[in-house]
Structures are given as structure tokens and as C-alpha cells.
Amino acid sequence: MTSLREIAVGATAEVARVSGSDPTSERLLEMGFTPGVQVRVVGAAPLGCPVELELRGYRLSIRRADAERIAVLPAVVRRPR
Amino acid sequence: MNPTVTGANPAGEAGPPDGPGDALAVALLGNPNTGKSSLFTALAGIPTRVGNYPGVTVEQKLGRFTHRGRPLDLIDLPGTYSLSPKSPDEKVAVDVLQGRMAGVRPPDRVVIVIDGTNLERNLYLASQAIGLGIPTVVALTLSDVAAARGIDIDADLLARRLGCPVVPVVAPRREGLDRLADAILSAAVPREPEGLAAALAAADPAQPGPAREAIGRYAWIERTLEGVVSRRSTRRRLDERIDGLVTHRVWGTLLFAATMLAVFTSIFTLAAPLMDGISAGIDAVAAAVSERLPEGALRSLVVDGVIAGAGSVVVFVPQIALLFLWIALLEGCGYLSRAAFLMDRLLVGVGLSGKSFIPLLSSFACAIPGIMATRTIENPRDRLLTILLAPLMSCSARLPVYLLLTGAFVPDVAVAGIPWLRLQAVVLVALYALGVAVAAAAAFLLTRTVFRGPPQAFVMELPGWRWPQPRVVLERVREATWSFLSGAGTTILAVSVVLWALSHYPRSEAAIEAEVGRERQRLEMLAAAPAAEGAEGREAQEALAALGTPEGLEAARRGAAQRTSFLGRAGRLIEPLVRPLGWDWRLGCAAIASFPAREVVLGTLGVIYNLGDVDPGEEEGASALVRRLRAATWDGSSRKVFTLPVALSIMVFFALCAQCVSTLAVIGRETGSRWWPVVSFASMTILAWFAAMLTYQLGSRFL
């Protein structure tokens, strides 16, 4: 399955599952990464990491390594940049 | 006290349904960045107490206001995203709510603060907190911002679905505060929110526990918001554009660098006129007091000890206030978290995370709040490392030392022919960069040796852009300035007076006469030596001639008194250690005396050079201390103590040393160990000595 890490900047994907059960995965779920939610990859920091994401009407940033925990359905490109 | 709220409806009921009498304990709970501090300030005004929770160093902010005759004690809980805490400060919020925090009364009421522009995620915590069994009110903040973005929120419908009152408030404009206070007084334990239990039960049983809870709660939130919010997406086009610029690879990085440069340049230039005014005022007070008091120990204590010491504290208030103004503005508009976003990769490079950025940046103001801010870092290793690196950031206590010595001894010339790029500003930036570079190198080495382990997870909200709230910004500046004056200031003043005593006593006339005699002998030998043709011989002859005049004799007697004082003995004892740094024994004294707090070094220099040198006369634009320092010479010679390499060596030493008892105490408390403060002090002192030695040795050869 594709992970959020592989989604290009500007594309939107639908969350399928957050793997793992450590505090990081728990926090990702609490921040709203639940199955079915749409996540847009807004941008990336100057050195490519972390990435800036938009979901549920707000923005947050996570590292690429943590984005790998988030499995997504194939990306739907909404607004290519 | 809050006049608007207190004065409202004096004919109303005397108290809430559960009886008048003692103050109600009201806890403010909410996600970070929800306008919680703004609401606190609007309700309670200036906090009655800003300190720590008992036993831990998470900031506790308490306030009190009266509504309809009933006193309410407001407690501002640390921001948290959920009731299953991921960091020590989130744990404090949850412990206080559940009455598990020793020494803190369990709250009688909880006000859940939710951000109207970010309802979906904010309701996650609210859905958990409603079930705590505490009488609850929901305060809907930023509803004006939401309205301006075309988001209509039906607060009454939301209240019905949540099972507790929802009061829209606009804290900066004081709208809704009366209704909120009314709701707090009459609040009841909320009933089970509509459909929450069903939603939690309906979550996919194949998912692990935490996932089931999140899926269930978000499913409930989505249903709850149907018909409550007119438009779900809250991002504005302007927000998009600002974010696009600020987090841009090139423009974002340039903007970051420009912002940091602007912060430090403004501290250097904008504060200067205010500081000159304060200096002049202090000089005037000292002169007035000198006229009224008879010559002697008391006058010396008041003028050279108390007024000089207090002056060296007050004069730096403009700079500290200005620095905190910047921090509060950048924090208030949402830039600080973007800075952490931009900086994360760099900090990962040295084994830290972007979350260390804010504690480290705060340490530029003062390492103590910076070290306390490390509680937002979940990973214990990252947290310990950030605590140990924080004192290497140049704090505001070092700024006075930098500014005084840079202003006095670094030439005010343009660099590379660019008129606005002054050498003094470049030196200042270099000193700040030195601390950062040393910290980066230390982090790099430590994470590859002592502190091995995986980097910490990084989940950080990037709040929407908004205008900083003037009241919140002013409160931040006021609090910082006051804690400097009352906390650091009283220490500095006390140490100034103690040091005056140490440099004034014991005052043995016989010892002073003997010392002056030795000095005369030494000068005579120098003047009569075969090599007396050289500059040294000429200086010795001049000094000898000066000894013949009453003024010269008096200066020599003062110098002798200082050498035979307690402080002088200590300074002379360590002179061999500080010689390689280019320092004379008085600088050694100042270094010893500055152990309680770095900023004391200026008070010490003021006292030492005031007592030890003749009046060098007036000089335009320079403060009394600068004039003293410029005129200071090595004992028995006219060779100046303060040259450019010496000034640089002092600044480098103070950039890297751990001369601050409060910081060491906080490190001990935060790490729960006496070992780390000792490690911190020893390693930083050794580092500072070597760096200062290199600076002086290289500087005196090449400058």
C-alpha cells in the first residue's frame, strides 16, 4: 500500500490506516489521521523534511519517516502546483 | 479584578446554586494556539501568581476575578491535544483536571477553550473532557476570525449536542465575557453527549484501542458539526499565500535570516536612546546622593554599591523588553512554529528536533524559561540534551556584557564598505553565532557517543496566521521585564552590595601603606633599569612622578586597598589562570564574582574600577563605567587593560561559561540529578577558558 511519504507536494490522498501503536501513532490518530480523512501535502521544508500537511481544516508538520506510518489510498491530484 | 464583569448586574443573585463562600477553582483547558492566554488575560487581568506547579517546573499561571460577588480562581492549564498525555506538560494538565496534582485543588469548574477556526480537531479534547464529571462550560474563541472567514457557527445547536453551555467570546474585544462568567457560575456536570457512546462502540473492532477511540470520536465530531458549521474548510487564500512564502525553500529561509537579523539589530539600535537616558538619570541620582552624604564608608556603600549596582540592572530593561516584544509578536502571529518547521532538518542533523528550536530560542532571552520549555519535548533524551545546550545560547544577561564591551572597544566602522553593516553589529551577531556553533558541535558529538538513540517523533501544528493580541504581547513583555528586575535584579543588587563589602574590607591602613611602598619600589627599579629608554621605563617614570602628587598618591592608595581586600586576594590568587586570557587580576575578580549570575560582572567591574582608578574625566556619549574601563591600566603601568583582543576574550568567555547559579539549579531540578549541573558547569567553564585563551592569543597577534 502507498504511504503518505510518497504523495507529491500539492496532491491529496485519503488515509487508510495508521500503523503502529506507540505514542507517535497515537498522537497522529488524535490529530485526526483516521481512515477516510483527506490529507493534502502542502509543502516541504527547505531540506525536504519535515512535510507540511493539511487535514480537517488545519495544518501540521510531520517528518517523512513518520509519514511512512500513514497508509493512504492512491492519490487524487486536486491542485497540481 | 475585572471591573466590567464585577460591575455587571449588581442586583443579581448573590452566588451560584451550589452556595456562596469560598472562591471557585476554575481551570482553563484547551489545545495549544486556541487563544487561551488571551482569554485568561481578558478574564483575570495580570496573573496573581506565575510560578511552577509543586515539585515540577511546568509553568503555573493563576489569576483571580470576581463575578456577581463570587471570587473565581482561574488556573491556566498547559495546552494539550488529548487527555492521554504525550509530554510532561500535557501530563500536568491532565493530573490537575483529575485532582491528582499534589498541592493543587481539583477544579470546581472546567472551561474548555475551543478555537472557532479549527473546531474539528479542538472538539477531540472537548469530547474527552466533557466526560470527566466536572461542571463544564465551552468557550468558543476566535469566533470573530471564524465569522470573517465566512464560517457561521450555531453555538446553541452545538451546546445541545455537547450537553453543556457553549459561549462565543472575543477576548481582545471583551465580548461574551459576562455571559461566560455567568455560565461558569451556574455550570453543571454535562450529560453524555448525543451519540458519543454509540460512535465509540461502532468503531471498527479490528483496529487497535487508540485507533478505535480516535475513529469513534472523529466520527462523532463529524456528525456533531453537521448543521453547526456553515463551512468546514477554514483556510483563507491569504493564509495560503503567507504560508507559501514563509515556508518556501529560498524565500522562507531568507525571511528567517532577515527576521533574526532585524531582531538583534533593533535591540542594538532602538534601545540605545532609552539606555542613554536611564544612564544619565542614574548618574544624576548618584551625584545628588554624593552631595548629601558625608564622605566615608556609608557614602561609598550607597553610591558605589547600591546605586551603581541597581543602575547596572535597570539600564538593560529596554533591551530585555524589546527582545521579549519580538518573541511575543513572532509567537502571537504564528511564526515561531514555522521557524521550528524550517529549522527541524538542521536540528535533526545534530541529533535534535524542531521542537528543541523554541526552547533554544527562548534561551536567547534566558536559559531558565528555555530549560523549562523543554517539557514540551516528549523524548527524554532530546529533552536532556536540549537542557544541557540551552545555557550555550547567549541569554539576555550576556547581552549587557556584549553591548558594553562592543560599544566601548569595537570600532564603529562599516564592514566591506556597506554603510549600514556596522562592525559592532557583526561582532554581536558573531558572539550569538559562537554559542549556536558550539552547541551544534556538542550536540553532534553527544548524540553519537553518550546520547545514542532514535530521533523523536515530530508532530507539530502550524496554527493559522493571525494578528498578535496586544494585551497578550504586553503581558509577556511585562512579565519578562518584571521577572528580570525582581528575580535577576535583586540578585544582582545583593551581589553588588556584597562585592562592595568584599572589595572594601578588611581595610588595614598598615597593609595599604606597605603595599604602596612596594609599588613605589617596583616603579623605582623599573625607572632606573638599563632598559629604561623603552616605553616601559618611560611609563614607570611617569607613574613615579604621579605618585608624588596628592591625586596620584590617593589613586595608588585605593589600588593598594583593593589588592589587600578579600576580593583582591581572591583575584590575585587566580591571576596566573586568567593571564593567558589577557586579563588582569581585577577581571579575574569580576569572573569569580559573576558566578551567581553573569550580569553581575558589570556591577563588579563598576565597583572595582570605580574604587581603583582615578576619575578619567568626561567623554561624550560614554557611560561612567565605559569611561572607567577605557582608562583602566595594568597595575603600576600606563598600559591599558582593555584592548580589543581583551574585550573579545572576555565576551567569548562569557558567551560560553556557566556563570549562573539559577540556571544550574534549574538544570538540577529538571534532570532530577545533582550530577548534570556539575557536568554542565565544569564542561562549560573549561570550554570558555580555552575559547577565550585562543581568542586573546590569536587576537593579540593579528588585530
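**Close-up views of helix packing and salt bridges**

**View 1. Packing of H30(B) against H32(B).** In this predicted model, helix H30 (residues 644-656) of chain B packs against helix H32 (residues 675-702) of chain B at an angle of about 160°, with the axes 8 Å apart; helices are DSSP runs of H or I of at least four residues, and strands are runs of E of at least two, numbered from the N terminus. Axes are lines fitted to C-alpha atoms, for helices over the stretch in contact, and angles run from 0 to 180 degrees between N-to-C directions. H30(B) and H32(B) are therefore roughly antiparallel (an angle over 145 degrees).

Residues are numbered from 1 along each chain as its sequence is written, and chains are lettered from A and ligands numbered from 1 in the order in which they are written. Local features need pLDDT of at least 70, side-chain atom pairs count only at pLDDT 80 or more, totals for chains, interfaces and linings use all residues, and side-chain values use heavy atoms, with hydrogens and water left out.

**View 2. The salt bridge of B:Lys61 with B:Asp76.** The closest N and O atoms of this pair are 3.8 Å apart, a salt bridge being a side-chain nitrogen of Lys or Arg within 4 Å of a carboxyl oxygen of Asp or Glu. B:Lys61 lies in strand E3 (residues 59-67) of chain B and B:Asp76 in strand E4 (residues 70-76) of chain B, 15 residues apart. Both B:Lys61 and B:Asp76 are buried, that is, under 20% relative accessible area with a 1.4 Å probe and protein chains only.

**View 3. The salt bridge of B:Asp95 with B:Arg100.** Their side chains meet at 2.8 Å, N to O. B:Asp95 counts as buried at 10% relative accessibility, whereas B:Arg100, at 52%, is exposed, the cut-off for which is over 50%.

Key: Angles under 35 degrees count as roughly parallel, over 145 as roughly antiparallel, 65 to 115 as roughly perpendicular and the rest as oblique.
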